[in-house]
Amino acid sequence: MGTKSHHLGLGFLLLLFIPAECLGAEGRLAHKLFRDLFANYTSALRPVADTDQTLNVTLEVTLSQIIDMDERNQVLTLYLWIRQEWTDAYLHWDPKAYGDLDAIRIPSSLVWRPDIVLYNKADTQPPASASTNVVVRHDGAVRWDAPAITRSSCRVDVSAFPFDAQRCGLTFGSWTHGGHQLDVRPRGSSASLADFVENVEWRVLGMPARRRVLTYGCCSEPYPDVTFTLLLRRRAAAYVCNLLLPCVFISLLAPLAFHLPADSGEKVSLGVTVLLALTVFQLILAESMPPAESVPLIGKYYMATMTMVTFSTALTILIMNLHYCGPSAHPVPAWARILLLQHLARGLCVRERGEPCGQSRPLESAPSLQPPAGLPAGPCHEPRCLCHQEALLHHVASIASTFRSHRAAQRCHEDWKRLARVMDRFFLGIFFCMALVMSLLVLVQAL
C-alpha cells in the first residue's frame, strides 16, 4: 500500500511538468490549482495558522463486517470504514479563480494526516498506510475515507455461554498530539451500521460512541479519545443443537439404568457409557473456551450432569449388591420391610407377577408341618404301620427341616430382590426429575 501511494504521489508531481496545452480547460485549472496549493506546502507540520490553536478532527466509523471473534485469545477482528475530517489552514482557494472548482481529490500521502490509531490494537503487524485519496474542499475542509481491518483486544465473558452478550470497545486517539494540539470528537452518537453484513454467529445490538479525556502518567497534558463500544449477542441456535441438546438427551437417558433388569448385566455399562459421552462433550467445549475462572453455563450443566450420572452409577452398584444377596444373607430388617416393602412399594406400584398395583404382598410366615387331617392320633394298631419305623420318621423330619430352611432362605432372597426393585424405581423417579429440571433451567435461557 505504501508503494501504491508513492506512485500516486509521483503521478501528481508529474502533472507539474506536463505542458498546459496538452490538458483540457478543466484539467488546466486543476493543474494550476494543484501547483498553487502545494508550491510551499509541507505535510510534516500541523496545518494551523497559529501553533497554539487546537486542530479539531471529527471521527466517523462504519461497521462493515465482523470477521472473527476469537474467544480463547480474546481478539476481535472487524472490517471498518473510517472517515476523518479536519480543516487544513493552508489548503483553501477561491473557486471563482479556478472555474468554480470547489473540490479536488489527491493522494492522502501529499497532505498532513492526523496520527489517530487504535489504542487497544491486538495485531503484531505495523499499521499499513492507506492508499486512498482525500477530498479537499475550497474552504480547507479535508475528508479522508479509508477502509481498515482492525484486530482489537476484547475482554470476553463466557459465564453465560452460549447465551452470552459481549461488549467490545475500540478506542481511537492521537498517538503523539495532546488535547491542546489535536482534539478528536465522534460524528453522531454511534457508529453507522447501514452497510453491515450480518454475521452467522453474532447479532449486533448497537455501537455507541463516547468521548473521553484522560491524563496518562507519561504526560501532563490531557489526551482525548473516542471509544466505540460494539454490543454483541451470540446466536445460540447452533450451540443448542450441537452441544446442548445431545447432553440433554444423554442426561435423560442416564436414569433409565435404574429401569434395566439387574440380570441383564448392562446397568453399570450404561452409566459408564453416558459418563464417557459427557466427558467427550466437556473436552470439546473446553477447547473453544478461554481458560477463565468463570465457568460457562453449559459447562456448569455438564458438570452437574456428570455428577448426577456418577452418583446414579454408584447407587446402581449398591442396588445390584442388594439384588444378588445370596441365601446366606440376613433377613430384611423389620423397618425396611414395613417402610419399603409395604408402603413405598405400594406407592411406587412395585408388585409381583399377578399382584394388583397398589397392594403389597402379605407377609408370609414360615411353613410348618402338621399331620394331615383324618389320620388317627396315638399309636398305630396296624402291625405293619410305618409309624413303627423310627428311621423312616427321622428321615422325613430331616427332609421337612431342609425344606423349611430352603424355603426361608429363598424367601429372604426374594425379599432382597424386591427391595432392590423398590430402590431402583425410587431412584429412577428422583434422578429423572433432577435431569429434567436441570435441562429445563438451561433450555429456558434460550427463549
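The torsion about the S-S bond of Cys154 and Cys168 is about -70°, so this disulfide is left-handed. The two sulfur atoms sit 1.9 Å apart, where a disulfide is taken as a pair of cysteine sulfur atoms within 2.5 Å. Cys154 belongs to the loop between strand 6 (141-153) and strand 7 (165-174), while Cys168 is in strand 7, so the bond ties together parts that are 14 residues apart in sequence. Searching the whole structure turns up 1 disulfide.

Before going on, some ground rules. You're looking at a predicted model, in which local features need pLDDT of at least 70 and side-chain atom pairs count only at pLDDT 80 or more, while totals for chains, interfaces and linings use all residues. Residues are numbered from 1 along each chain as its sequence is written, and side-chain values use heavy atoms, with hydrogens and water left out. Helices (H or I, at least four residues) and strands (E, at least two) are DSSP runs numbered from the N terminus.

Back to the cysteines: are they buried or exposed? Cys154 is buried at a relative accessible area of 4%, and Cys168 is buried too, at 1%. Here buried means under 20% relative accessible area, exposed means over 50%, and partly exposed is what falls in between (1.4 Å probe, protein chains only). Cys247 also counts as buried, with 0% relative accessibility.

Stay around strands 6 and 7 for a moment. The loop between strand 6 and strand 7 also holds Pro162, and the peptide bond from Phe161 to Pro162 is cis, with omega near 5°. Strand 7 contains Gln166, which is buried at 2% relative accessible area. The Gln166 side chain makes a polar contact with the side chain of Asp164 at 2.7 Å. A polar contact is a pair of N or O atoms within 3.5 Å; within protein, one must be able to donate a hydrogen and the other to accept it, and residues adjacent in sequence count only if both atoms are side-chain atoms.

Asp164 turns up again in a charged cluster: Glu71, Asp164, Glu201 and Arg234 are linked in a network of salt bridges. For a salt bridge, a side-chain nitrogen of Lys or Arg has to lie within 4 Å of a carboxyl oxygen of Asp or Glu. Arg234 is buried at 4% relative accessible area, whereas Glu201 is partly exposed at 22%.

How many salt bridges does a search of the whole structure find? There are 14. Among them, Asp145 and Arg83 meet through their side chains at 2.7 Å, N to O. Asp145 is in strand 6 and Arg83 in strand 2, so the pair ties together parts that are 62 residues apart in sequence. Both ends are partly exposed: Asp145 has a relative accessible area of 29% and Arg83 has 28%. Another salt bridge pairs Arg137 with Asp102, the closest N and O atoms being 3.9 Å apart. Arg137 lies in strand 5 (residues 133-137) and Asp102 in the loop between strand 2 and strand 3, so this one ties together parts that are 35 residues apart in sequence.

If you like checking backbone torsions, two loops are worth a look. Asp100 has a positive phi of about 60° although it isn't a glycine; Asp100 sits in the loop between strand 2 and strand 3 (103-107) and is exposed at 59% relative accessibility. Gln74, another non-glycine with positive phi, comes in near 55°. Gln74 is in the loop between strand 1 (55-70) and strand 2 (75-87), and is partly exposed at 28%.

Now for the annotated spans. An unreviewed UniProt entry places "transmembrane region" features at residues 236-258, 270-289, 301-320 and 426-446; such annotations may be inferred rather than shown by experiment, and the positions follow the numbering used here, with feature names shortened. In the model, residues 270-289 are 95% helix and 0% strand, with the end C-alpha atoms 29 Å apart. Residues 301-320 are 100% helix and 0% strand, and there the end C-alpha atoms are 28 Å apart. Finally, helix 7 (residues 390-443) includes Ile430, which is partly exposed at 33% relative accessibility.
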